[in-house]
Amino acid sequence: MEQDISTAPVVPDSTQHHPTGLYLKIWGYLFLLSTLSYMVDYFHIQGIMRPTLIVIFMLLKAGLIVSIFMHMAWERLSLIYAILVPPLVLIVLVGIMSIESDYVFWTRAIFQGGEG
Amino acid sequence: MSHMMMESEEHREATQAMRDIAGDWSADQEVFRHTHWGKAMMWFFLLSDTFIFSCFLTAYMTMRSSATLPWPNTAEVFALTIGGQPIPLILIAIMTFVLISSSGTMAMAVNFGYRLDRRKTAALMFTTAAFGAAFVGMQAFEWTKLIGEGVRPWGNPWGAPQFGASFFMITGFHGLHVSCGVILLLIVASKVLRGDYDRTGDYSAVEIAGLYWHFVDLVWVFIFAFFYLW
């Protein structure tokens, strides 16, 4: 730690050298996951399975893009946390707005006869 | 025994990672000095962009769940008739594959950039830009088709008037990002081809442009799931 502070090289410590096959493999997975999520619609999957499958495929795709294509898996933990933790507050926004939309829906249904 | 050793090894790695974080933030210098400054700045820009797109998607969620009229069926709205058969969402599926392919070629471009392979990097970046332009072209086609069918930001023939507002806002802002990305890629690719980065031996600009491009693909993953499939 001490010599880390005193010498403090300003050069970036890692260039991203990874085998080409890794990118091709991830590319293949992304194609597969996109096909699967399209299939959810194509085969008219309904009920609770529909949002569940859509969200699972979406999160897997997002994870692969961020971690491998955007090299997040090999970044320093300081950067990873600085980028990936702040968006978590959006959960609060989504929570508040879903309560609000429920209120707006019933206001329209009860007082405006379903208009608006 | 070996299991316990592996566990303690993992524990040591975890504590080392935590020490690194503490060191980065308390070293009385720039926190992200280990990262190329341009890359860190691009990540912060993308973080802010994440919030912008999240606000759009949250607004869409709010509008959709507060709409009293039925939401138009996206599978039918975005269907194309090919060979006399309507295929649901086919144009959106093709757009998704085009954008994913562009992400793949971009990742390969970054890869060859770090191997200092000037020609392959430039070629792959131009391919990425071509995929991006194709995507924007298909989006323009989609907009034209929907506007022709009477979709407006304030109404449409099929149901909830909020549909048009969400559609034009979200896909329009994403399309703007793709268009900017194509321009950025063309600029960086021509600099690669000219040999600008060979003089310094530093191909970080390719990776930074790549980050932006992958982000555009990432946003599309969420739009595809929430707007088109949901």
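**Figure 1. Asn156(B) in the loop between helix 5 and helix 6 of chain B**. In this predicted model, Asn156(B) sits in the loop that runs between helix 5 (118-148) and helix 6 of chain B. Asn156(B) has 20 C-beta neighbours inside 10 Å and therefore counts as buried, since the cut-off for a buried residue is 20 or more. Beyond its neighbours within four places in sequence, Asn156(B) is in contact with Pro72(B), Gly150(B), Val151(B), Pro161(B), Phe163(B) and Gly164(B). One of these, Pro72(B), is 84 residues away from Asn156(B) in sequence. In space, the C-alpha atoms of Asn156(B) and Pro72(B) are 8.8 Å apart.

**Figure 2. Helix 2 and helix 6 of chain B**. Helix 2 (residues 37-66) and helix 6 of chain B have axes that come within 10 Å of each other. The crossing angle of these axes is roughly 170 degrees, so helix 2 and helix 6 of chain B are roughly antiparallel to each other. From helix 2 of chain B, the residues in the contact are Phe56(B), Tyr60(B), Met63(B) and Arg64(B). Helix 6 of chain B supplies Gln162(B), Ser166(B), Met169(B), Ile170(B) and Phe173(B). By type, the residues of this contact are six nonpolar, two polar and one charged. Within chain B, helix 6 (residues 162-194) also has the highest confidence, at a mean pLDDT of 96. The lowest confidence in chain B is in helix 1 (residues 2-26), at a mean of 79.

**Figure 3. Leu89(B), a residue with positive phi**. Leu89(B) is in the loop between strand 2 (85-87) and helix 4 of chain B. Phi of Leu89(B) is near 60 degrees, a positive value, although the residue is not a glycine. Most residues other than glycine have a negative phi. Is Leu89(B) buried or exposed? Leu89(B) counts as buried because 22 C-beta neighbours lie inside 10 Å.

**Figure 4. His71(A), a residue with positive phi in chain A**. His71(A) is not a glycine, yet its phi is positive, at about 65 degrees. The loop that holds His71(A) lies between helix 3 and helix 4 of chain A. With 19 C-beta neighbours inside 10 Å, His71(A) counts as partly exposed, because a buried residue needs 20 or more.

**Figure 5. The contact between chain A and chain B**. On the side of chain A, 53 residues are in contact with 49 residues of chain B. Which elements of chain A give two or more residues to this side? They are helix 1 (2-7), helix 2 (20-42), helix 3 (49-69), helix 4 (77-84) and helix 5 (90-111) of chain A. The residues on the side of chain A that touches chain B divide into 34 nonpolar, 11 polar and eight charged. For the model, the scores are ipTM 0.86 and pTM 0.88.

**Figure 6. Helix 2 of chain A against helix 4 of chain B**. The axes of helix 2 of chain A and helix 4 (residues 90-114) of chain B come within 10 Å and cross at roughly 170 degrees. These two helices, helix 2 of chain A and helix 4 of chain B, are therefore roughly antiparallel to each other. In helix 2 of chain A, the residues that meet helix 4 of chain B are Thr20(A), Tyr23(A), Trp27(A), Leu30(A), Phe31(A), Ser34(A) and Tyr38(A). Their counterparts in helix 4 of chain B are Ala93(B), Thr96(B), Phe97(B), Ile100(B), Gly104(B), Ala107(B), Met108(B) and Asn111(B). The residues of this contact divide into 10 nonpolar, five polar and no charged.

**Figure 7. Residues 1-13 of chain A, a stretch with pLDDT under 50**. Over residues 1-13 of chain A, pLDDT stays under 50. The model has 11 contacts beyond four places in sequence for this stretch. Where pLDDT is low, the predicted coordinates should not be read in detail. Chain A as a whole has a mean pLDDT of 85, with 84% of its residues at 70 or more. Chain A has five helices and zero strands, and 17% of its 116 residues are buried.

How values were computed: Residues are numbered from 1 along each chain as its sequence is written. Chains are lettered from A and ligands numbered from 1 in the order in which they are written. This is a predicted model: local features need pLDDT of at least 70, side-chain atom pairs count only at pLDDT 80 or more; totals for chains, interfaces and linings use all residues. Two residues are in contact if their C-beta atoms, placed from the backbone, lie within 7 Å. Helices (H or I, at least four residues) and strands (E, at least two) are DSSP runs, numbered from the N terminus. Ala, Val, Leu, Ile, Met, Phe, Trp, Tyr, Cys and Pro count as nonpolar, Asp, Glu, Lys and Arg as charged, and the others, Gly among them, as polar. Axes are lines fitted to C-alpha atoms, for helices over the stretch in contact, and angles run from 0 to 180 degrees between N-to-C directions. Angles under 35 degrees count as roughly parallel, over 145 as roughly antiparallel, 65 to 115 as roughly perpendicular and the rest as oblique. pLDDT is the predictor's confidence in each residue, from 0 to 100. A residue is buried if 20 or more other C-beta atoms lie within 10 Å of its own, exposed if 12 or fewer, and partly exposed in between; C-beta atoms are placed from the backbone.
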